Amino acid sequence: MDTWRTSQVTGDLKEVPGIGPAAVKKLAECDEGPDRITNTYQLFGKFLMLKGPGHGDEIEVEPIEHTQKFWEFLKNRGITAHRSAIVKAIAEKSATFFTGIYDANDYEDDEEDE
């Protein structure tokens with residue numbers, strides 16, 4: 001995970017820890033063109049879109065709810081393996097360029113994958 005956090009993003013979805021060929025296929029399968037995810041940049045974009053809207057007058061959701069929404073998005077797209085690892089990878093990488101979007105200390109350090 002340290003290498004992922006510090007390496008340059010290339011756009012290849014398989015560079016994201018937890019994403020393999022099956023997940024790449026599932027992310028690309030969609031009847032709606034804008035909802036197809038075919039590269040890492042689009043996956044980050046989807047993650048960032050789920051940061052809001054918040055509740056009531058709030059314009060954004062808190063980090064835990066944000067990552068839960070992304071986890072649910074992956075589940076709904078048919079990603080059945082390594083969902084938590086994908087969420088953690090995208091959230092931690094995002095935190096390197098958006099301070100405060102994710103705090104690893106908010107989560108228990110477990111190896112549970114679902």
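Axes here are lines fitted to C-alpha atoms, for helices over the stretch in contact, and angles run from 0 to 180 degrees between N-to-C directions. The exercises below apply this to a predicted model.

**Exercise 1. The packing of α3 and α4**

Determine at what angle α3 and α4 pack, how the arrangement is classed, and which residues make the contact.

Solution. Begin with the axes: α3 and α4 pack at an angle of about 130 degrees, and their axes lie 9 Å apart. Next, compare the angle with the classes, in which 65 to 115 degrees counts as roughly perpendicular and over 145 as roughly antiparallel; the angle therefore makes α3 oblique to α4. The sense of the crossing, in which α3 passes α4, is right-handed. Finally, turn to the residues: on the α3 side the contact is made by Leu43, Lys46, Phe47 and Leu48, and on the α4 side by His66, Thr67, Phe70 and Phe73.

**Exercise 2. Two helices against α5**

Describe how α4 packs on α5, and then how α3 packs on α5.

Solution. Take α4 first: helix α4, which covers residues 63–76, and helix α5, which covers residues 83–95, pack at an angle of about 130 degrees with their axes 10 Å apart. That angle makes α4 oblique to α5, and the crossing of α4 and α5 is right-handed. In this contact Thr67, Phe70, Trp71, Leu74 and Lys75 of α4 meet Arg83, Ser84, Ile86, Val87, Ile90 and Ala91 of α5.

For the other pair, α3 and α5 pack at an angle of about 85 degrees, and their axes are 11 Å apart. Since 65 to 115 degrees is the range for roughly perpendicular, α3 is roughly perpendicular to α5. The residues that meet are Leu43, Phe44 and Phe47 in α3 and Ile90, Ala91, Lys93 and Ser94 in α5.

**Exercise 3. The aromatic pairs**

State how many aromatic pairs the structure holds, and explain why the pair of Trp4 and Phe44 is classed as it is.

Solution. The structure holds 4 aromatic pairs. For Trp4 and Phe44, the ring centres are 6.2 Å apart, and the planes stand at 5 degrees, so the pair is stacked; the cut-offs used are centres within 6.5 Å and planes under 30 degrees apart. This pair links distant parts of the chain, because Trp4 belongs to helix α1 (residues 2–6) and Phe44 to helix α3 (residues 40–49), 40 residues apart.

Leaving aside neighbours within four places in sequence, Phe44 is in contact with Trp4, Val9, Ile90, Lys93, Ser94 and Phe97.

**Exercise 4. Charges over rings**

Identify which charged side chains lie over Trp71 and Trp4.

Solution. Over the face of Trp71 lies Arg83, at 4.2 Å from the ring centre. Over the ring of Trp4 sits the charged end of Lys93, 5.3 Å from the centre of that ring.

**Exercise 5. Backbone geometry in the loops**

Solution. As background, most residues other than glycine have a negative phi, and most peptide bonds are trans. The peptide bond from Gly52 to Pro53 is cis, with omega near -5 degrees, and Pro53 is found in the loop between α3 and α4. His82, in the loop between α4 and α5, has a positive phi of about 65 degrees although it is not a glycine. With a relative accessible area of 40%, His82 is partly exposed.

**Exercise 6. Cys30 and its contacts**

Place Cys30 in the chain, say how exposed Cys30 is, and list its contacts beyond sequence neighbours.

Solution. Cys30 lies in the loop between α2 and α3 and counts as partly exposed at 28% relative accessibility. With neighbours within four places in sequence set aside, its contacts are Asp35, Arg36 and Arg77. The C-alpha atoms of Cys30 and Ile90, 60 residues apart along the chain, are separated by 21 Å.

Notes
Residues are numbered from 1 along each chain as its sequence is written. This is a predicted model: local features need pLDDT of at least 70, side-chain atom pairs count only at pLDDT 80 or more; totals for chains, interfaces and linings use all residues. Side-chain values use heavy atoms; hydrogens and water are left out. Rings of Phe, Tyr and Trp (its six-membered ring) pair if their centres lie within 6.5 Å; planes under 30 degrees apart count as stacked, over 60 as edge-to-face and the rest as tilted. Helices (H or I, at least four residues) and strands (E, at least two) are DSSP runs, numbered from the N terminus. A charge sits over a ring if NZ of Lys or CZ of Arg is within 6 Å of the ring centre and within 35 degrees of the ring normal. Angles under 35 degrees count as roughly parallel, over 145 as roughly antiparallel, 65 to 115 as roughly perpendicular and the rest as oblique. A crossing is left-handed if the near helix is turned anticlockwise from the far one by less than a right angle, and right-handed if clockwise. Contact means heavy atoms within 4.5 Å. Buried means under 20% relative accessible area, exposed over 50%, partly exposed in between (1.4 Å probe, protein chains only).
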